[in-house]
Amino acid sequence: MYSKILVLQFPSGEVKKPVVCYLTKYYDLSFNILKATIFPRKEGIMVLELSGSKKNFKNGVQYLKNQGVVVKNASQEVTRDNSKCIHCGACTAVCPTGALSIKRPEMWVAFDQKKCSVCELCVRACPTRAMKIQPSSETFFE
Amino acid sequence: MAGYRVNKTYAEINEKIRSGQVVVATAEEIIDIVDEKGAEEAARTVDVVTTGTFSPMCSSGAFFNFKQSVPAIKASNVWFNNVPAYGALAAVDCFLGATEPCEEDPLNKVWPGEFNYGGGHVIQDLVAGRTVHMRATGYGTSCYPKREEEREISIDDLPQAILCNPRNGYQNYNCAINLTNKTIYTYLGTLKPKGGNANYSTAGQLSPLFNDPYYKTIGLGTRIFLGGGIGYVTWHGTQHKPTAQRSKNGIPMSPAGTMWVMGDLKQMSPDWLVGISMQGYGVSLAVGLGVPIPILNEEIVRYTAVADEDIHCQVVDYGNDYPNGVDRNYGYVSYAALKSGMIHVNGKEVPTVPVSSVVKAREIAMRLKKWIENGEFFIGEPQFTLPVS
């Protein structure tokens, strides 16, 4: 199962086509629309979470692109400001996936972003506010 | 002194620092040295052992004098970046406490509160060279007619800025667990329900007062690493309790000795004084502190060779017992066990979480060692040592 939050930008001519529906029909993908807006000049923007097998996901996104839809990644990630981290270890109390862990015997705090589920618990648990949440690629309205 | 085979004085050690012949070891390095050479030989070889700790230390703050304005003001109420300071001193003197939250902070109204800015952050901003907004009000007198004053100030604008921490470097502290059914937010961090994690806060074998458990070399005038600069121990800290029960090696089993420390904030650094936000609890200041232990004889070097295995602390329930003053613990655990990542409480495995930075503590001990080796830092002989009873 592969899942990602995407931002779709529809050029003005394309908003009339039910392209998102075809993602399910032809590519066996499920979607959850998080936001959908049509602007005054008829171009549209939609934020959705798209889930399915990785292969279908890839083909589905390619289909969208072929229809003239601009597809951007909207997912977020947690990053660490290493200049702020004091390696105390308080974050390891709340991290559910072990992305934040203590390296022994030196006792420094390692952050493995691959293991991070972006639950954001560490953002407020960090005493020096070293953990930040941010868009993983381009910003939303770029 | 009778009874010791090795006898060194403060003057002799300082002379060695001056001539560049001093031998310094950190509190971690000395463990193996004493193990290999024995205490007597180690005491002959090594002159100073450096310690370090870096932790949130709530009983911290700073005195400021912010210069008179024209016309003059008797500043009764003072704020820095909207964080209130205590102004009931002379006209333009005040004290800013590390745990004072910013005014209009929602505190714990939306639980657990975030506490993003407070006294500790103001102190860090000032030592980082950043400008803070100062506001003061007074009721007006013949000699101090002005009633309100606002200024942007940096640390260079302040004639005096003195870090003054009434209680730092606690000798041993509780290991906290939460045996209730709900997550709680404490000054020792987040504690998950039903003993989900055990939090602790000291540097163990690197921590200053574990290396001189009977305060034989620490007292008024002991020169220390404080906040990246040089400070002094000026008194025993508040809640100093030397009578706590001790194990055979002299290490207290519960919170015991503390130090009152002071230093010129102007020569300190934002790397070693860091504003802290403890979710659901409040703001504080993480303080970097390092005390050099002069090896006057073989007894003192034996104390400095204490290792994490030899240091034990009590496990206390912060869900019910601590807030209600119930004097109970759930056994004792060694710092070696705490640092291993897992302890046993009530027969159950509990993952441990440190709140004190061992990485930074080690760096402090290393820096202090370098300062002494380079002849930049001399050992301060105390006028009297901290009380032991």
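**Terms and the values behind them**

Modeller: Gladly! Leaving aside residues up to four places away in sequence, Ser254(B) touches Gln171(B), Asn172(B), Ala244(B), Gln245(B) and Gln314(B). Please keep in mind that this is a predicted model.

Colleague: Why is Ser254(B) called buried?

Modeller: Its relative accessibility is 17%. Buried means under 20%, so Ser254(B) counts as buried. As for its place, Ser254(B) is in the loop between strand S16 (229-236) and strand S17 (259-264) of chain B.

Colleague: And what makes Thr51(B) buried or exposed?

Modeller: Thr51(B) has a relative accessible area of 0%, and the cut-off for buried is under 20%, so Thr51(B) is buried. You will find Thr51(B) in the loop between strand S2 (48-50) and strand S3 (53-56) of chain B. Its contacts beyond four places in sequence include Ala27(B), Leu206(B), Pro208(B), Val291(B) and Leu368(B).

Colleague: Which backbone oxygen lies 2.6 Å from a polar atom of the side chain of Thr51(B)?

Modeller: That of Val291(B).

Colleague: What makes helix H4 of chain B largely enclosed by the rest of the structure?

Modeller: Nine of the nine residues of helix H4 (residues 119-127) of chain B are buried, so the helix is largely enclosed by the rest of the structure. Among them are Gly119(B), His121(B), Ile123(B), Asp125(B) and Val127(B). Just after H4(B), Gly129(B) takes a positive phi of about 85°.

Colleague: How do you know that Asp125(B) and Arg130(B) meet in a salt bridge?

Modeller: The N to O distance between their side chains is 2.7 Å, and a salt bridge needs a side-chain nitrogen of Lys or Arg within 4 Å of a carboxyl oxygen of Asp or Glu. The pair therefore meets that cut-off. Asp125(B) is buried, with a relative accessible area of 13%, whereas Arg130(B), at 41%, counts as partly exposed.

Colleague: What makes Glu149(B) and Lys146(B) a salt bridge?

Modeller: Their side chains come to 2.5 Å, N to O, and the limit is 4 Å, so the pair qualifies. Glu149(B) is buried at 6% relative accessible area, while Lys146(B) is partly exposed at 22%. Elsewhere, salt bridges that share partners join Arg5(B), Glu40(B) and Arg44(B) into one network.

Colleague: Let us turn to the two chains. How many residues does the contact take from chain B and from chain A?

Modeller: The contact takes 28 residues from chain B and 20 residues from chain A. Chain B and chain A bury about 1800 Å² between them, with 58% of that on carbon and sulfur atoms. On the chain B side, Gln279(B), Pro354(B) and Val359(B) lose the most area to chain A, together 23% of what that side buries.

Colleague: Which residues form the salt bridge between the chains?

Modeller: Glu114(B) pairs with Arg124(A), and their closest N and O atoms are 2.9 Å apart. The count between chain B and chain A is one salt bridge, and there are eleven residue pairs in polar contact. The largest share of the side of chain B that touches chain A, five residues, comes from S18(B). By class, that side has twelve nonpolar, eleven polar and five charged residues.

Conventions. Residues are numbered from 1 along each chain as its sequence is written. Chains are lettered from A and ligands numbered from 1 in the order in which they are written. This is a predicted model: local features need pLDDT of at least 70, side-chain atom pairs count only at pLDDT 80 or more; totals for chains, interfaces and linings use all residues. Side-chain values use heavy atoms; hydrogens and water are left out. Helices (H or I, at least four residues) and strands (E, at least two) are DSSP runs, numbered from the N terminus. Buried means under 20% relative accessible area, exposed over 50%, partly exposed in between (1.4 Å probe, protein chains only). A polar contact is a pair of N or O atoms within 3.5 Å; within protein, one must be able to donate a hydrogen and the other to accept it, and residues adjacent in sequence count only if both atoms are side-chain atoms. Contact means heavy atoms within 4.5 Å. Buried area is the accessible area (1.4 Å probe) that two parts lose on being put together, summed over both. Ala, Val, Leu, Ile, Met, Phe, Trp, Tyr, Cys and Pro count as nonpolar, Asp, Glu, Lys and Arg as charged, and the others, Gly among them, as polar.
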